[in-house]
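Please keep the sequence and the 3D view side by side as you read.

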Amino acid sequence: MDGTEAFKESLDNNEDVQLNVKNEEEEIAVLEAEANCLNSEKQEAKFNERVPNIDFQCGICDMTESVHYYGKRPPFLYGLQLLEDSFVMRDPFQPPPLRWKPKSEYFVVIGAKCSVCQKIVCKGTECSFYYTCTYCLNCAKNCLDVAPTEVQAKLRKQLEQDK
Ligand SMILES: [Zn+2]
Ligand SMILES: [Zn+2]
């Protein structure tokens, strides 16, 4: 599958949603069980969980950042799952959320891998384009001609703003 094919295919899946709630009841049951088990080891793990220890570097603008998590299911996003593997940081300006009240504003997605070339890119408008998943701007531009009009318009608008 070449880049253009991958782009078209992901566009067919027309779900412009970042998050979906996944089996919330089961999740809450697990979390409640965990909350009842507060030994010191657990508390230490929780403390470490707050320290960003994954290095993120954008492959285009070289922006670097320490993030808390890479993947789809950050442990601090209770009951939520990201639609693509992402570099995620807890929002430093927000207190921790109540465990059973998922709140998307408690985290920041810093970047993700381009779904075509796998380059790691930040969420800056000069580096990546998001439509159902993340594309580095190079791949997005390469695929512009085959993209549906709606997507072309969105990308053109983004490119205009960067000028
Ligand atoms: Zn960047
Ligand atoms: Zn790419």
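Cys-58 sits in the loop between β2 and β3; helices (H or I, at least four residues) and strands (E, at least two) are DSSP runs, numbered from the N terminus. This is a predicted model, in which local features need pLDDT of at least 70 and side-chain atom pairs count only at pLDDT 80 or more, while totals for chains, interfaces and linings use all residues. Residues are numbered from 1 along each chain as its sequence is written, and chains are lettered from A and ligands numbered from 1 in the order in which they are written.

Is Cys-58 buried or exposed? Cys-58 counts as buried because it has 22 C-beta neighbours inside 10 Å. The cut-offs are these: buried takes 20 or more other C-beta atoms within 10 Å of the residue's own, exposed 12 or fewer, and partly exposed lies in between, with C-beta atoms placed from the backbone. Leaving aside neighbours within four places in sequence, Cys-58 is in contact with Met-63, Gly-111, Ile-120, Val-121, Cys-122 and Cys-127; a contact puts two C-beta atoms, placed from the backbone, within 7 Å. Cys-127 is 69 residues away from Cys-58 in sequence, yet their C-alpha atoms are 8.1 Å apart.

Asp-62 is exposed, because 9 other C-beta atoms lie within 10 Å. Its phi is near 70 degrees, a positive value in a residue other than glycine. Most residues other than glycine have a negative phi. The strands on either side, β2 (residues 54–57) and β3 (residues 64–67), run antiparallel and are joined by 4 bridges; two strands pair if DSSP finds at least two bridges between them. Together β2 and β3 make a hairpin with 6 residues between them, and Asp-55 stands opposite Ser-66 in β3.

Next comes an open sheet of 4 strands, antiparallel in pairing and ordered β4-β6-β7-β8. Its edges are β4 (69–71) and β8 (120–122), each of which pairs on one side only. Within this sheet, β6 (residues 86–90) and β7 (residues 107–113) pair over 5 bridges, with Arg-90 opposite Phe-107 in β7.

What does the largest nonpolar core look like? It has 25 residues, and Val-88, Val-121, Tyr-135, Cys-136, Cys-139 and Ala-140 touch the most other members. Such a core is a set of buried Ala, Val, Leu, Ile, Met, Phe, Trp, Tyr and Cys residues joined through C-beta atoms within 7 Å. The elements giving two or more residues to the core are β6, β7, β8, β10 (133–136) and α4 (137–142). Beyond four places in sequence, Val-121 has contacts that include Cys-58, Gly-111, Cys-127 and Cys-136.

Thr-132, in the loop between β9 (128–131) and β10, is another non-glycine residue with a positive phi, about 65 degrees. Thr-132 counts as partly exposed because it has 19 C-beta neighbours inside 10 Å.

Finally, a word on confidence. The protein averages a pLDDT (the predictor's confidence in each residue, from 0 to 100) of 78, and 66% of the residues score at least 70. Confidence is highest in β8, at 98, and lowest in helix α3 (residues 40–49), at a mean of 51. Over residues 13–18 the pLDDT is below 50. Where pLDDT is low, the predicted coordinates should not be read in detail.
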